[in-house]
Amino acid sequence: MQHGHASDALTKNQALVMGALSNAGGPLSAYTILDRLRDDGLRAPLQVYRALDKLVEFGLVHRLESLNAFVACRHPGCDGHQFTAFMICDDCGSVIEIADNALAGRLKGLAQDADFVLEKSTVELRGLCAGCRPA
């Protein structure tokens, strides 16, 4: 398996799933992706899950644990995707990807202090975005 960006070497299914996520305004569940791609020949949930697994591995897509959904990476080339953080609006569902080296460094430090080998971390902040917050 070669390292680096695989976006130019995606399979047909991976490219379809990537396209659906890139065109979406926010996160999508695997079943929503499947519904959107039925006309393109994707029929089985397993086809979508396989494509999603690879896209996550390539660092092109993030999984939002609290929503059980997926979102296209908005920071291509972010450092290996060991650390990702998101602000998720509970009202409109918008997702803002955060790149914060200080926060990433702090989490790595906390792990080292606890003699814990950190492989990856995903921080999800839930609340209301500026557009949904009461005035």
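In the predicted model, strands β3 and β4 pair in the antiparallel sense, and four bridges connect them. Within this pairing, F86 stands opposite E97 of β4. The two strands form a hairpin in which five residues lie between β3 and β4. G93, located in the turn of this hairpin, has a positive phi of about 85°.

Strand β3, which comprises residues 83-89, is also joined to β5, in this case by seven bridges, and β3 and β5 run parallel. T84 is found opposite T122, a residue of β5. In general, the strands of a sheet pair through backbone hydrogen bonds, and the pairing may be either parallel or antiparallel.

Strand β1, residues 61-64, pairs with β2 in the antiparallel sense over four bridges. The bridge partner of R63 in β2 is F70.

The helical part of the model includes a contact between helix α1, residues 12-23, and helix α3, residues 45-58. The axes of α1 and α3 come within 9 Å and cross at roughly 75°. An angle from 65 to 115 degrees counts as roughly perpendicular, and α1 is therefore roughly perpendicular to α3. On the side of α1, the contact is made by N13, Q14, V17, M18 and L21. The contributing residues of α3 are Q47, A51, L52, K54, L55 and F58. Of the residues in this contact of α1 with α3, seven are nonpolar, three are polar and one is charged.

Four salt bridges are present in the structure. In general, side chains of opposite charge can pair when their charged atoms come close. One of the salt bridges links E57 to K54, with the closest N and O atoms 3.4 Å apart. E57 and K54 are three residues apart in helix α3, so that about one helical turn separates them. K54 counts as partly exposed because its relative accessibility is 31%. K54 also belongs to the residues of α3 that make the contact with α1.

A salt bridge is likewise formed by R63 and E65, the closest N and O atoms of which are 2.4 Å apart. R63 is partly exposed, with a relative accessible area of 29%. E65 is also partly exposed, its relative accessible area being 45%.

In another salt bridge, D90 pairs with R126, and the closest N and O atoms are 2.7 Å apart. Because D90 lies in the loop between β3 and β4 while R126 lies in strand β5, the pair ties together parts that are 36 residues apart in sequence. D90 has a relative accessible area of 46% and is partly exposed. R126, at 42% relative accessibility, likewise counts as partly exposed.

Notes. Residues numbered from 1 in each chain as written. Predicted model: local features only at pLDDT ≥ 70, side-chain atom pairs only at ≥ 80, totals over all residues. Heavy atoms only, no water. Axes fitted to C-alpha atoms, helices over the stretch in contact; angles between N-to-C directions. Parallel < 35°, antiparallel > 145°, perpendicular 65-115°, else oblique. Contact = heavy atoms within 4.5 Å. Nonpolar A, V, L, I, M, F, W, Y, C, P; charged D, E, K, R; others polar. Pairing = 2+ DSSP bridges. Salt bridge = Lys/Arg side-chain N within 4 Å of Asp/Glu carboxyl O. Buried < 20%, exposed > 50% of the residue type's maximum accessible area, 1.4 Å probe, protein only.
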